[in-house]
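This report covers the nonpolar cores and the aromatic contacts of one model. The structure comes first, then the details.

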Amino acid sequence: MESYKHILLAADFSEHGSAVADRAKDLVEKYQAKLSIVHVMDNLLITDAAYGSTIPFDLDLTAELMAAAKKRLANLAESLNIAEDCRWMEMGSPKLEIIRVAQENNVDLIVVGSHGRHGFALLLGSTANGVLHHALCDVLAVRLHDD
Ligand code: AMP
């Protein structure tokens, strides 16, 4: 069986996040792999078609949210013994950014949570779905239960 060398944990700071983090940690120990972590802040940008430009929705709010997210990422990364240069805080589309970070850092396994949504949510697609279908490396979707 293939041995993973670099595992990327996609962290959304949700209440189920620890189950996903635990699974990533188990795999890191099993394969003696390097662990990286990524959190993506959905950007608060609005596009003004009339002017053909993209303007920040609220610069102060964006900076505040970014600082709070960075703090949470640092706390989680410390608890998982993830080195500073393996922590990624990005802005944009979670699916695209997770995949980009994985590709640019030679990640061979991405670990995400999956709520196993049905119906409408499934049609619209979720981050887990997007990563699963577009990543070039293996993806582990850890089943999360909403009860
Ligand atoms: P979702 O299907 O969008 O609820 O997300 C499922 C999983 O995708 C989460 O458990 C995380 O592993 C990952 N994920 C979702 N949003 C983000 C985000 N903003 N940053 C990093 N990972 C995320």
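## Nonpolar cores

The largest nonpolar core has 27 residues, and those with the most contacts inside it are Ile7, Leu9, Leu35, Ile37, Leu80, Ile82 and Val111. Such a core is a set of buried Ala, Val, Leu, Ile, Met, Phe, Trp, Tyr and Cys residues joined through side-chain atoms within 4.5 Å; buried means under 20% relative accessible area (1.4 Å probe, protein chains only). At least two residues of this core come from each of β1, α1, β2 (34-41), α2 (59-79) and β6 (109-114). The largest share, 6 residues, is supplied by α1. Helices (H or I, at least four residues) and strands (E, at least two) are DSSP runs, numbered from the N terminus.

A second, separate core of 16 residues includes Ala102, Ala135, Cys137 and Val139.

## Basis of the values

The model is predicted: local features need pLDDT of at least 70 and side-chain atom pairs count only at pLDDT 80 or more, while totals for chains, interfaces and linings use all residues. Residues are numbered from 1 along each chain as its sequence is written, and side-chain values use heavy atoms, with hydrogens and water left out.

## Aromatic pair

The whole structure holds 1 aromatic pair (ring centres of Phe, Tyr or Trp, its six-membered ring, within 6.5 Å). The ring centres of tyrosine 4 and tyrosine 31 are 5.2 Å apart and the planes are at 80°, so the pair is edge-to-face (planes over 60 degrees apart; under 30 is stacked, the rest tilted). Tyrosine 4 is in the segment before β1 (6-10) and tyrosine 31 in helix α1 (residues 17-31), so the pair ties together parts 27 residues apart in sequence.

How values were computed: Buried means under 20% relative accessible area, exposed over 50%, partly exposed in between (1.4 Å probe, protein chains only).
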